[in-house]
Amino acid sequence: MVHHQCHLTIEKQIDLFCPAPGLHYLCIDRTNHTIRNMKLNTLSIATLAITLAFGSTACNNSGNEQQEKPLPVATAICEGVSQLEIDSVTTLFTLRDNAKPTTQPNRLFYGKDNKDSAKVEQLSPGGTVPSSIHAFLVKKDNKLALFDTGVGSEKGGTLLARLDSVGYAPENIDYLILTHMHGDHIGGMLRGDSAVFTRAEIYIPQIEYQYWATQSSANGQLATKTVEAYGERVHLFSLTDTTALPLGIRAMAAVGHTPGHTTYRVSGTRLLIAGDLMHGYDLQKQDMNISPSYDINPEQAAESRKFYFQFARNKHMVIAGMHLPGNGVLIETE
Ligand SMILES: [Zn+2]
């Protein structure tokens, strides 16, 4: 459980995934999906970082002042954890909830009545798609904001160990902000019936909670039980309220995956917390109309996916997605 030996120690080996032209994984620990393996010492990691940063920036000719700054670069800290300095006051930690890199069957993307099965098989002939479950910790102005919580330790989630590996305990979290209320995002909020994050203020899109509160399903019951456990610390906010969130964080509706699925922009930075816009990046990047069975409204989900990936591309943002492979972050360039 305790991983203090990892604290701020760069792993000696990272697996470098070479993506398609224009796509830059920032830092990769996807041992099951390696095209090129390299043993890198600290110096060569720095060289790689500079190459990625300036290589990406060189693609941008828009003249936007923000885009002229070098792109942030990820440092692998230990298994399942990496760190990006987004700007001088904002740090992102990626925290993988699943113990090991994993894949999912491509049939999850066949669509209603298997309408996309031939296309999916053609685009993912191996039959599986890399995936992961991540939470993201943002440290800004010496406050800690956690985005989502994984499945929970009772279901094998390792979020708390990952958090510990960067020196934090659940009680250190100031703000917990949810992209939506599926079990793999809120499962880590409770241990039994008790709140895991004993001090955090909780922010949930009101439209998302209102939906789950009407559902008698196991997920609906979990959502209701979780909100009750956190009591007065829960803030249900309207997506039109631009001042609802702390640290200058802005919520942006990205409906489709769930009725209140939400992305977040940490304002003044290039960071986009993308939630569940993507579940099988390697497959869906080839055709963003492909939706997994997890999307409650597949057509809306596809529209949100296309919109926010283009939005991030235009602004050269770091996309932090809860189910992106590797360490959960990437930058797409044109
Ligand atoms: Zn999810």
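1. Asparagine 142 lies in the loop between E9 and E10, where helices (H or I, at least four residues) and strands (E, at least two) are DSSP runs numbered from the N terminus. This is a predicted model, in which local features need pLDDT of at least 70 and side-chain atom pairs count only at pLDDT 80 or more, while totals for chains, interfaces and linings use all residues. Residues are numbered from 1 along each chain as its sequence is written.

2. Phi of asparagine 142 is near 60 degrees, a positive value in a residue other than glycine. Most residues other than glycine have a negative phi. Asparagine 142 counts as exposed, because it has 7 C-beta neighbours inside 10 Å. By the definition used, a residue is buried if 20 or more other C-beta atoms lie within 10 Å of its own, exposed if 12 or fewer, and partly exposed in between, with C-beta atoms placed from the backbone. In the hairpin of E9 and E10, which has two residues between the strands, aspartate 141 also takes a positive phi, near 50 degrees.

3. Asparagine 114 is a further residue that is not a glycine and has a positive phi, of about 60 degrees. Its place is in the loop between strand E7 (102-105) and helix H2 (117-123). Asparagine 114 is exposed, with 10 other C-beta atoms within 10 Å.

4. Strand E9 (residues 134-140) is mostly covered, six of its seven residues being buried. On one side, E9 pairs with strand E6 (residues 90-96) in the antiparallel sense over seven bridges; two strands pair if DSSP finds at least two bridges between them. E9 is also joined to strand E10 (residues 143-147) by five bridges, and these two run antiparallel. Leucine 137 in E9 stands opposite phenylalanine 93, and its bridge partner in E10 is leucine 146.

5. The open sheet is formed by eight strands in the order E4-E5-E6-E9-E10-E11-E14-E15, with mixed pairing. Strand E4 (74-78) and strand E15 (234-237) stand at the edges, each with a single partner strand, so one side of each is left without a neighbour in the sheet. Neighbouring strands of this sheet are turned by 25 degrees against each other on average, direction ignored; the axes are lines fitted to C-alpha atoms, for helices over the stretch in contact, and angles run from 0 to 180 degrees between N-to-C directions.

6. Alanine 74 stands opposite leucine 84 in E5.
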